[in-house]
Amino acid sequence: MEHMTKPNVDGLLEKIKKYEPEADLDLVRLAFDFANDAHQGQKRKSGEPYIVHPLATAELLAEMNVPISIIIAGLLHDVPEDTPVTIEDIRKNFGDDISSMVAGITKLGKIKYRGIDRYVENLRKMFVAMASDIRVILIKFADRINNLSTLSALPPAKQIRIAQESLEIYAPIANRLGINKMRAKLEDLSFKHSMPKEYEWVTGLVDRAIKVKKGYVEKVKTLLEAELKRNEINFEAIDGRVKHKYSLYRKLLKHERDIIQIHDIIALRIIVPKLSDCYAVLGIIHQTWKPLKGRIKDYISQPKPNGYQSLHTTVFCEGGEIVEFQIRTNVMHEEAERGIAAHWQYDEAGKVASPEVRKQMKWVKDLAKQHLDTKSGPEFLESLETLKIDVFQDRIFVFTPKGDVIDLPEGATPVDFAYAIHSQIGNTCVGARVNDHIVSLETRLFSGDCCEIIVDKDRTSPNPDWLSFIKTSTARSHIRSGAKSRLTRWIKNFGEERESKKERAEQRATHKKNR
Ligand code: MN
């Protein structure tokens, strides 16, 4: 093995220099040497020197263009757990900020439970870590992506466990935080190991699509370029983007595995300088090819809940083929790829969170608070179910009559909507108007609906029957506590009633006696 080139930090430094030319690269080099010394003599299961793993983790982070403090924490992330070097040593050498991130990842490390307990414990730790410092989760994602790409060295049962956990927990959280680039990697690597047969099938479909469509996509690209130039519309790049495998798989399952119904395996992505250019490009596309009805999506005026912005349209293109186009500015593109990770670039301290990061932090904290108090028995399992829906389900947008946007899980009802606005509106709701039609409270809402809640001020508590159809944990906990307070009121009334009966009896007795 002596002839092998030793792992070195140069590639990482190159990556950092590209997006942060002013970065303190000496400090990164120092962290690499520090980690390299600490892991000296250790090997990965694959037989490689251990340092290869933290180095790969740091490189994945550099691809997200994050500040170097996060990259350094990535280089050091396994040091306290696997070597004699302590957190205190890291603090002395690299300061409080970096050592606290490393401590956060170390805490995430060890989970010894099995089955459902393991799942819950993992989520609990993850949310606690995220709520205290959201940068920790980015390092954990990078760590997990590298572990997934070297999974073959582990026993099969462990491979499947790690892959499923990544698919069920890590990827949905990455999605919720808008970190698409990492989400796609987490999903595709996990997909490969947890469902090898399905993965092979989808890979075949993608390879074939690329082979068959490559020339066609090039032709459309050339035509569109010419059309845009002729109309003097600015654009920076047009590329064919290939849908990532797991998301194609999920879409195939929705369409009875019929590939014919899926038009965006390869979509054309147009990157433009300014927001107004997006709509200009859309205009040219529709002028050139006829759009399919109902397939124009304006995620710029109505971004997805995770912040995603773009214009999508599907058209009957050259030769009648159906092609999807995605149009966005460079800034939107960066945000679509990197989500909250795109928002650190602007504040060097790293910890001074932008409004976007703060919004996500609030979501994480609310979630941690709602679900992760110790509960037991069926109540606990039930809360786990809603948790899965809250975090992992696709989201919809529903409007209030004033035009405010409420973000809900798919399948949500007017009751969920009411509670999302205010608990008092939830507790007193008796009906709803959706797009100007009176509907029952269990009606399913869809993205883009406008919903108005009809309340009855005299109503004192929610209807426990709602529990059978609501979808959000907010609604669930309010209905439960509403039902509970009604119960205590009844018990109290009952008690008071008994008291007064007793009093009356006593009064009668006294009366009799005095007679
Ligand atoms: Mn690691």
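Trainee: How much of the protein is buried?
Mentor: Buried residues make up 47% of the 515 residues. Buried means under 20% relative accessible area, exposed means over 50%, and partly exposed lies in between, with a 1.4 Å probe and protein chains only. This is a predicted model, in which local features need pLDDT of at least 70 and side-chain atom pairs count only at pLDDT 80 or more, while totals for chains, interfaces and linings use all residues. Residues are numbered from 1 along each chain as its sequence is written, and side-chain values use heavy atoms, with hydrogens and water left out.

Trainee: How many helices and strands are there?
Mentor: The protein has 19 helices and 11 strands. Helices (H or I, at least four residues) and strands (E, at least two) are DSSP runs, numbered from the N terminus.

Trainee: What share of the contacts join residues at least 24 apart?
Mentor: Contact means heavy atoms within 4.5 Å. Among contacts between residues at least 6 apart in sequence, 65% join residues at least 24 apart.

Trainee: Which residues of α4 are buried?
Mentor: Helix α4 spans residues 68–75 and is mostly covered, with 8 of its 8 residues buried. They are I68, S69, I70, I71, I72, A73, G74 and L75.

Trainee: What do the buried residues of α4 pack against?
Mentor: They pack against α1 (10–19), α2 (25–38), α3 (52–63), α6 and α8.

Trainee: Now a helix pair. How do α8 and α9 cross?
Mentor: Two packed helices are described by the angle between their axes and the distance between the axes. Axes are lines fitted to C-alpha atoms, for helices over the stretch in contact, and angles run from 0 to 180 degrees between N-to-C directions. The axes of α8 and α9 come within 11 Å and cross at roughly 145°.

Trainee: Is that crossing left-handed or right-handed?
Mentor: The crossing of α8 and α9 is left-handed. The term applies if the near helix is turned anticlockwise from the far one by less than a right angle; clockwise is right-handed. On the α8 side, K140, F141, R144 and L148 make the contact. On the α9 side, the residues are I162, A163, E165, S166, Y170, I173 and A174. By class, the contact has 7 nonpolar, 1 polar and 3 charged residues. Ala, Val, Leu, Ile, Met, Phe, Trp, Tyr, Cys and Pro count as nonpolar, Asp, Glu, Lys and Arg as charged, and the others, Gly among them, as polar.

Trainee: On to pockets. What volume has the second largest pocket?
Mentor: Rolling a probe the size of a water molecule over the atoms shows where empty space is left. On a 1 Å grid over the protein atoms alone, a pocket is an open set of points where a 1.4 Å probe fits, with protein on both sides within 12 Å along at least five of seven lines; lining residues have an atom within 4 Å of a point. Grid points are joined across faces, edges and corners, and a volume is the space filled by probe spheres set on the points. The second largest pocket has a volume of about 850 Å³.

Trainee: Which residues lie nearest its centre?
Mentor: Of the 30 lining residues, R44, Y50, N147, K158 and I162 lie nearest the centre. The elements giving two or more residues to this lining are α5 (79–82), α6 (87–109), α7 (115–132), α8 (135–149) and α9 (156–176). α9 gives the most, with 5 residues. The lining has 8 nonpolar, 8 polar and 14 charged residues.

Trainee: Where is V323, and is it buried or exposed?
Mentor: V323 is in strand β6. V323 counts as buried because its relative accessibility is 8%. Leaving aside neighbours within four places in sequence, V323 is in contact with Y216, L268, T313, T314, V315 and C317.
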